[in-house]
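Welcome! Have a look at the model below, and then we will walk through a few of its features together.

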Amino acid sequence: MKILVFCCDWCSYPGADLAGILRLEYPSEVRIIKVMCSGRVDLMLVLDALRQGIDGVMVTGCHPGECHYVHGNMEAERRIELLRSIFERSGINPRRVRIEWISASEGEKFAEVTRAFKQEIDEIGPINQGEIDAAEIIHDVFSSERARLVLGASRRAIELEGVDPLWYKGVLERTVREEVLRERILRELRKTGALSAHELAERIGEPAKEIFWNLIAMKRRQIILDIGIVDDSLKFAIQEGV
Amino acid sequence: MRIGVYVCHCGINIGATVDVKKVAEFASHLKDVVISREYSYMCSDPGQELIKKDIRELGLDRVVVASCSPRMHEPTFRTAVAEAGLNPYLFEMANIREHCSWVHDDRERATEKAMHLVAGSVYKSKLLEPLEPMQVGITKKALVMGAGIAGIQTALDIADSGFKVYLVERSPSVGGKMAQLDKTFPTLDCSACILTPKMVDAGRHPNIELMTYSEVIDIDGYVGNFRVKVLKKPRYIDIEKCTGCGECASRCPVDVPNEFDEGIGIRSAIYIPFPQAVPLKYTIDRDSCIRCGTCKNVCKRDAIDYDQTEEIVELEVGAIVAATGYDLMDVSSREEYGYGRFDNVITGIEFERLCNASGPTGGKILTKDGREPKDVIFIQCVGSREIGGNEYCSRFCCMYTAKHAHLVEDRIEGGKAKVLFTDARAYGKGFEEFYVRVMEEGVDYFRRDHDKPVSVTEREDGKLIVTATALDGSPIELEGDMVVLATAATACEDAFEVSRLLNISRTGDGFFMEAHPKLRPIDTPSDGIFLAGCSQGPKDIPDTVAQASGAASQVLNLLAQDSTTGSPSVSEVNQDICIGCATCFEVCPYGAIEMERLEVGWRAKTNEVVCKGCGICAGECPALAINVKHFTDEQIINKIEGVLADLNEVVT
């Protein structure tokens, strides 16, 4: 069992220190990584941990409205919520990631939430290979520009431009889902060379129609190219240099 | 690369749970580790010397210390490393005390975790880069929160040294709890007589800006550069015009209980809490005010202003002292004591108001129906030293009870004091002598078993009966006209909110936590924030004053400098891969990102002086072009790999 807890320098890290000072026992599987702010926790880091086989990742920060860096904790929450909703559709148990608010004076809470998290991970069991593979794909998605751009622009859209947050959330989730599918398509193409939408559908287990739509989009972005019709189907291959 | 690893026993703090030898042995096999040592106290001089010697003789270029929280000793070791000529940012710490030995019992698992934490720090250390600390200026002003004796003393000491102090107090007058007291033990000095001159000094000191009836609502920034928001509540009085003549209060038709007199005395809706109040300016309590307009009509100076509203003032200070004091436990929830049910069961602080010459009875000890009580029973340790309740000793009740008992014998003709105590703690200078003197004056002390219940009942004739159990198991029954409860001193009701405001911790008893219980009792783990008085724990007046002067000295240490070093751990934009999307610009809470127009297009750039190093931009950057120095993606990933690595695999 491996559990990673990101702690911010101002609230949850001293909160964890306080748990020590008060000698509050919590599971020894917990490994703490200090960052200055929970807002520093890039989803890539969380996903990197999961693909390394870590069973649970908890991000902890200051209570809402009390972030030392004004709104870093809210950015962290937005990201973790997105990740959980992506996990739900990607075969990763969303309960493997969570976010908690722990102030510097809440040593007891630190011990409580780590105990509870350990129990939750015990219930859902160790991370399996399928989840690790999925985390690998989502990691690559969150290392690429498109998903990050849509995620990064959400603050401006919602707070400055007054865009409906629910609508934006939909766009964001759809974008990430598409990117996950495209990443899986790329992997198949890398393995096999040229494939049609139907052939990809068989390997990936998603509807051919949806795959074809994404193939067109990928072609437009010059990630792949079509190599013409073979056996009645349009086949695609990876663009050189991608 | 040449890494040195030092594992600390911290006496038995780490050594009792973690096999330190084994951890050091493990570290010695990690790649690039050239020396791995264990030592009883790494933070001690010989411990630091060990590191410095190795840096010089073995040519170490990275140092990892596995010991306590970096909040405790990271500065110590950084300094040591720098003294040996190594850049202080090439040092990394593993917290194997607060995050390991203190929270795990199983020796094997704790040892394994300690190895992981060391491995994580060694891995991260490999990617560390030398950084140069930035110099940041210090605002040469201080904020003192709370103007009881602690806050007043702190403010006066700082102000006397020539620095500006904002002294913020939530009630209409300075003075705090000490202003409510009558005599002070063990010397029986009149509390007001020794306090009032200090209150007046604080009120007219040219370097002190008194902000009464005000509350700190927001604190931002860091050591040397705090930004503070203070809410000034409306007094509905122009304090520039008010002379404190009191004409308004004498004509105001409203009578309500005076909080300062613990509700025993009475004040008007327009009031000063007590005659010696500083500033001597009236306040209208709009919750009780009936809007009759009399005060406005009678005020010769035209000082009444019903239209006043709340005002928020922004201050910039370099240091903050929390002198926010304490509360007394609400004993009405403890039915066995009969408080609230029987008129003549009162608390110690209420008794103080009765004794006080400027109190509601003019210093006469009287029951609620105006008679002089002959037999007064004092019950000690009410709510203190209770397993499952307030487990601590409130420290000043033994002595004030002795003082109260003395006053009963002294002021009431034929008066008799009986004290029901658990242990008489007379630890301070002159305390034991005073305690003996009071007993010799004829006060009877009855020792009770603190674990056995106490009960207060009222007989039909109005006499109060107190029953308890002696240590030998025999019953104690005392009869009296008045019962005085020495209730526990507790952390302020809003101590939690204040601790959040200051970003500091509280100990299990609810009081503010010091940086170290022995050696840094005035500092907090947050640089630039200090503690004075009972906010840190119950203490008597001399201890409070001593700590207050100590806090002032800590503040002066800071304000005497022209600059302090700011962290060089700031964000950095790689403009070669930046796509100019301005996401970082949008998310930065400090406006530390500047967009600049280059030939290739717009590019982001960090203003290092403004940047606080939170890393929100790095977590959000679509192009992965931003990193935070000392917390780079690669460093964090390396640390994660280390803390979760297969222990057998990582040793070569």
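## A cysteine pair in chain B

B:Cys193 has a relative accessibility of 52%, so this residue counts as exposed; B:Cys190, at 23%, counts as partly exposed. Here buried means under 20% relative accessible area, exposed over 50%, and partly exposed in between, using a 1.4 Å probe and protein chains only. B:Cys190 and B:Cys193 are joined in a disulfide, with 2.4 Å between their sulfur atoms. A disulfide is a pair of cysteine sulfur atoms within 2.5 Å. The torsion about the S-S bond of B:Cys190 and B:Cys193 is about 85°, so this disulfide is right-handed. Searching the whole structure turns up one disulfide over all chains.

This is a predicted model, in which local features need pLDDT of at least 70 and side-chain atom pairs count only at pLDDT 80 or more, while totals for chains, interfaces and linings use all residues. Residues are numbered from 1 along each chain as its sequence is written, chains are lettered from A and ligands numbered from 1 in the order in which they are written, and side-chain values use heavy atoms, leaving out hydrogens and water.

A:Cys7 is buried at 0% relative accessibility, and B:Cys381 is buried at 7%.

## Two helices in chain A

Now for some packing. Helix 2 (residues 43–51) and helix 5 (residues 129–141) of chain A pack at an angle of about 155°, their axes 8 Å apart. Axes are lines fitted to C-alpha atoms, for helices over the stretch in contact, and angles run from 0 to 180 degrees between N-to-C directions. Helices (H or I, at least four residues) and strands (E, at least two) are DSSP runs, numbered from the N terminus. Helix 2 and helix 5 of chain A are therefore roughly antiparallel, the word for angles over 145 degrees.

Contact means heavy atoms within 4.5 Å. Among the residues that meet are A:Met44 and A:Leu47 in helix 2 of chain A, and A:Ile132 and A:Ala135 in helix 5 of chain A.

## A buried glycine

B:Gly615 sits in the loop between strand 33 (601–606) and helix 16 (616–620) of chain B. B:Gly615 is buried, at 3% relative accessible area. Apart from neighbours within four places in sequence, B:Gly615 contacts A:Gly39, A:Arg40 and B:Val628.

Conventions: Parallel < 35°, antiparallel > 145°, perpendicular 65-115°, else oblique.
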